[in-house]
Amino acid sequence: MKALLLIDIQNGFCPGGNLAVKDGDKIVPIANALIDNGGYDIIVASQDWHPANHGSFASQHPDKQAFELGELSGKPQVMWPDHCVQGTQDAEFHPDLNTDAFDYVQQKGENPAVDSYSAFRDNDQFATTGLSEYLERQGVTVLDICGLATDYCVSFSALDAVDMLPDVKVRFIEDASRGIDPEGIRNAIASMRAKGVAIVNSSDILND
């Protein structure tokens, strides 16, 4: 059973969004090609879904600016611009993404006291989202992951998938993802590779 996990391909992370990733929208045609022709049995998407008062927002900390390092629940936290607030256009999936093909949507980041980069669990690793259980119930044996952003939510999800789904082959689709910081992207890919995540391109899958 082969599954595709699309991470946070939302307006907020695409050009014009509140936390835009450079060229984030360029992955949408690749994601759609994978959905249509990748041979997947299950299509899953994660969706950042923050309350307006989320503690990772710089707006909730009068002494902090966006992208500064601060603290949330006693732990280091990058302070982000308000983004992907529940019920706003910023939180919606990119309009060109083939959402009709989704079998399951995993919302995350709903607890204002902790951030949730991973689609599988909160950053403090105490609370899980239920995604690993869903994939286990479906009998998934191969999980391909791509989306936004490589150096945050995508790599955190891939690393958690390895930990939480030990019998599943996890692959990161590099050209169907974009990241924020070039050095952060390199480090994220190195971390994924070191953990056993296979680094592939969409052509490897579409031409398989």
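**Architecture, core and local backbone features of the predicted model**

Ala190 is partly exposed, with a relative accessible area of 41%, a value that falls between the limits of under 20% for buried and over 50% for exposed residues. In this predicted model, Ala190 has its place in helix H4, and the C-alpha atom of Ala190 stands 17 Å from that of Ala176, a residue 14 positions away in sequence.

The protein chain as a whole contains five helices and eight strands, which follow one another from the N terminus in the order β-α-β-β-β-β-α-β-α-β-α-β-α. Its radius of gyration is 16 Å, close to the 17 Å given by the globule rule for 208 residues, and the chain is therefore as compact as a globular protein of that length. Along the principal axes, the C-alpha trace spans about 50 × 35 × 30 Å. Of the 208 residues, 53% count as buried, and among contacts with a separation of 6 or more, 74% are accounted for by residues 24 or more positions apart.

The largest nonpolar core comprises 57 residues, and those with the most contacts inside it are Leu6, Leu135 and Leu143. Two or more residues are given to this core by each of the strands S1 (2-7), S2 (42-48), S6 (142-147) and S7 (169-173), and likewise by each of the helices H1 (28-37), H2 (131-138), H3 (150-164) and H4 (182-194). For Leu143, when neighbours within four places in sequence are left aside, the contacts include Ala3, Leu5, Phe120 and Leu135, together with Ala161, Leu165, Val168, Lys169, Val170 and Arg171.

Helix H4, in which Ala190 lies, has 13 residues and reaches 18 Å from its first C-alpha to its last, close to the 18 Å expected at 1.5 Å a residue. Its buried residues are Gly184, Ala188, Ile189 and Met192; seen down the helix axis, these fall within an arc of 135 degrees, so that they line one face of H4. The spacing of residues along a helix bears on this pattern, because an α-helix has 3.6 residues a turn and residues three or four places apart therefore point the same way. The cover over the buried residues of H4 includes H3, S7 and strand S8 (198-200), whereas the face turned away from the buried side carries the exposed residues Pro182, Arg186, Arg193 and Ala194. Just after the helix, Gly196 adopts a positive phi of about 100 degrees.

Just after H2, Gly139 takes a positive phi of about 75 degrees.

A hairpin is formed by strands S3 (residues 69-72) and S4 (residues 75-78), which pair in the antiparallel sense over four bridges. Leu72 has Lys75 of S4 as its bridge partner, and two residues separate the strands, with Ser73 taking a positive phi near 55 degrees.

Further positive phi values in residues other than glycine are found in two loops. Asp8, placed in the loop between S1 and H1, has a phi near 50 degrees and is buried, with a relative accessible area of 0%. Cys84, in the loop between S4 and S5, likewise has a phi near 50 degrees and counts as buried at 0% relative accessibility. A cis peptide bond runs from Leu148 to Ala149, with omega near -10 degrees, and Ala149 is found in the loop between S6 and H3.

Apart from neighbours within four places in sequence, Ser202 is in contact with Ile30, Leu34, Ile173 and Asp175.

Terms used
Residues numbered from 1 in each chain as written. Predicted model: local features only at pLDDT ≥ 70, side-chain atom pairs only at ≥ 80, totals over all residues. Heavy atoms only, no water. Pairing = 2+ DSSP bridges. Contact = heavy atoms within 4.5 Å. Core = buried A, V, L, I, M, F, W, Y, C linked by side-chain atoms within 4.5 Å. Buried < 20%, exposed > 50% of the residue type's maximum accessible area, 1.4 Å probe, protein only. Expected span 1.5 Å × (residues − 1). Arc of directions from axis to C-beta. Rg over C-alpha atoms; globule rule 2.2 N^0.38 Å.
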